[in-house]
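Thanks for coming, everyone. I'll keep this brief. Please have a look at the model first.

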Amino acid sequence: MSKRASSNDVFSGWQDAMINEGFASLRRMATLPFIAQKAREVRKGVTPSEVVYEEDKARLIHYICPNPPRYKTPLLFVFALVNRPYIFDLKEGRSVVAQFVDAGYDTYLLDWGVPNQAERCLTPDDYINGYLLNAVDYLRERCNAPKVSLLGYCMGGTIATMFTALHQGLVKNLLILAAGIDFSTREGLINLWTDEKYFDVDKFVDTVGNVPAEFMQNAFLMLKPVQNLIEKPINFWENCDREEFVEDFLTMETWLNDNVPVPGEMYRQWAKYLFQKNLLVQNKFPVGKHMVDLRKITCPLMNLMAEKDDLVPPAQSAPLDDLVSSKDKQTIVVPSGHIGLSIGRHAQKHVWPSVCEWLSTRS
Amino acid sequence: MDEKFDQAFQQAATFQKMWTDSFSQMAEVWTRASPGKPPPDVIREMRSGMLKVLADCWEEFMRTPQFMEYMKNSMDGVLALRKLGADMMTRNHHATQSPAREDIDGVLLAIRHMERRLLDRIEEVDAGIAEVGRRVEKLEELGSAPPPRTTRKGPTRKSSAQAGI
């Protein structure tokens, strides 16, 4: 009797679950027609800003604070060339720039712009000793400050590091997030796939010119194919009737699918000299006529890494601490992925306030 | 021919191994399902277990030399096709006496080289001017310094009485 009662319980449990799931599916289907409209309403950047300097496609954006800045040294955000930089200012409650603006920093962001085929010959020298140097010079004059603080994310972190090594006299503090420095590690799939045995970067760039945005996007997608192609749509379907979830999802997807092409020569030198030959850690990475020597970096350094970063594993960023001559160094490893390092809840609640605190005594 | 066949066979075998490993490990996940939990939780637990197994198998497969060799061959094929298309378009443009992308790229490259040479020369001039400026500053510093005190040896002044006037 008890066995029959227990099997009846199991059967009714499954029956209830199926009925509930059926109603939930109907609820979700009812929200689907409105998703497209919500996707169109996604804002790219929420903190009030103005463009203060432009050079070719590059724009220097100033984030407006209602109060005068508390710190004299301006802070310049430098992002990668493969995505749009509004990840730093994604939405209310998920904005890195807002944290610094609210903390009293005079905050700027360098938007590299979207290159076309005419820009396919731009090299690291153009970006580092051209656009970035000119932006820094402009900031020093505008803010009447002898130096600036640089905050670089991902490829932007590597660019900021190279800039600091070449122009240490202009940089007061260097903060890097998930910046690729030592490419000898084979932890990340990207490092494996760009091995010179399997990837002829010269043939690739000579044929395509600028590296298409779709190529980069698909490469990132293939780092986690099951999560991106199966789990994500399932997760979306199960939560599409939750307003907050849909808003977060659409905001994130808008940015993730907003890749930009990379200038061909820039990509060639980056892939060859960093991923394939790992010249930066050998202090032999050429930027124009100069070699980047990391030992010339003496300013305070904050090195932030993401523990579960599949794009730039911590093993790729950590070696910087031993390669620079800075005495004042701090490393923070955040329990998140590559994107979560900047906009994740833990980062917003704990990491950025402590970074603001660290920078306040050095600005 | 044999080498290419061997390579293709290796790639297919690795791909097949990935799927057989995935299915066997997913079946293992099913056997570990906890019957005491309510149905939706059981389903979710099994689903996440299976997807994790699939993700791990794919990650392992994407690290194999066979997969990377396959990617390389695919890329080479796509680039060859693209180059063929570009060459055909160039020939068509030239046949109609209009500039092709290759020609525009050549012009851009020439401008780029000229820009580079000019910038290098400006950099040299800038360095030269800075050096001249440093030397001028140094000279100015030397010029503005007071001359050192020295005792003069010359005719001494005598009073008229001493002079017998």
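A word on angles before we start. Under 35 degrees counts as roughly parallel, over 145 as roughly antiparallel, 65 to 115 as roughly perpendicular, and the rest as oblique. Keep in mind, too, that this is a predicted model.

Let's begin with a helix pair in chain B. Two packed helices are described by the angle between their axes and the distance between the axes. Take helix 1 of chain B, residues 2-31, and helix 3 of chain B, residues 65-95. Their axes come within 9 Å and cross at roughly 120°. Helix 1 of chain B and helix 3 of chain B are therefore oblique to each other. Their crossing is left-handed.

Which residues meet there? From helix 1 of chain B, we have B:Q7, B:Q10, B:Q11 and B:T14. From helix 3 of chain B, the partners are B:Q66, B:F67, B:E69 and B:Y70. By class, this contact between helix 1 and helix 3 of chain B has two nonpolar, five polar and one charged residue.

Next, the sheet in chain A. The sheet is open, with eight strands and mixed pairing. The strand order is 1-2-4-3-5-6-9-10. What stands at the edges? Strand 1 of chain A, 49-55, and strand 10 of chain A, 329-334. Each has a single partner strand, so one side of each is left without a neighbour in the sheet. On average, neighbouring strands of this sheet are turned by 20° against each other, direction ignored.

Look at one pair. Strand 5 of chain A, residues 148-153, and strand 6 of chain A, residues 171-177, run parallel and are joined by six bridges. A:Y153 stands opposite A:L177 of strand 6 of chain A.

Helices pack here too. Helix 15 of chain A, residues 345-360, touches strands 5, 6, 9 and 10 of chain A. Its direction makes about 175° with that of strand 10 of chain A. Helix 4 of chain A, residues 124-142, lies across strands 1, 2, 3, 4 and 5 of chain A. Helix 4 of chain A runs at about 125° to strand 1 of chain A.

Last, the interface. How many residues are in contact? 20 residues of chain A contact 19 residues of chain B. On the chain A side, helix 1, helix 6, helix 7 and helix 9 each supply at least two residues. Helix 9 of chain A gives the most, with five residues. By class, the chain A side has 14 nonpolar, three polar and three charged residues.

That's my tour. Over to you.

Definitions and conventions. Residues are numbered from 1 along each chain as its sequence is written. Chains are lettered from A and ligands numbered from 1 in the order in which they are written. This is a predicted model: local features need pLDDT of at least 70, side-chain atom pairs count only at pLDDT 80 or more; totals for chains, interfaces and linings use all residues. Axes are lines fitted to C-alpha atoms, for helices over the stretch in contact, and angles run from 0 to 180 degrees between N-to-C directions. Helices (H or I, at least four residues) and strands (E, at least two) are DSSP runs, numbered from the N terminus. A crossing is left-handed if the near helix is turned anticlockwise from the far one by less than a right angle, and right-handed if clockwise. Two residues are in contact if their C-beta atoms, placed from the backbone, lie within 7 Å. Ala, Val, Leu, Ile, Met, Phe, Trp, Tyr, Cys and Pro count as nonpolar, Asp, Glu, Lys and Arg as charged, and the others, Gly among them, as polar. Two strands pair if DSSP finds at least two bridges between them.
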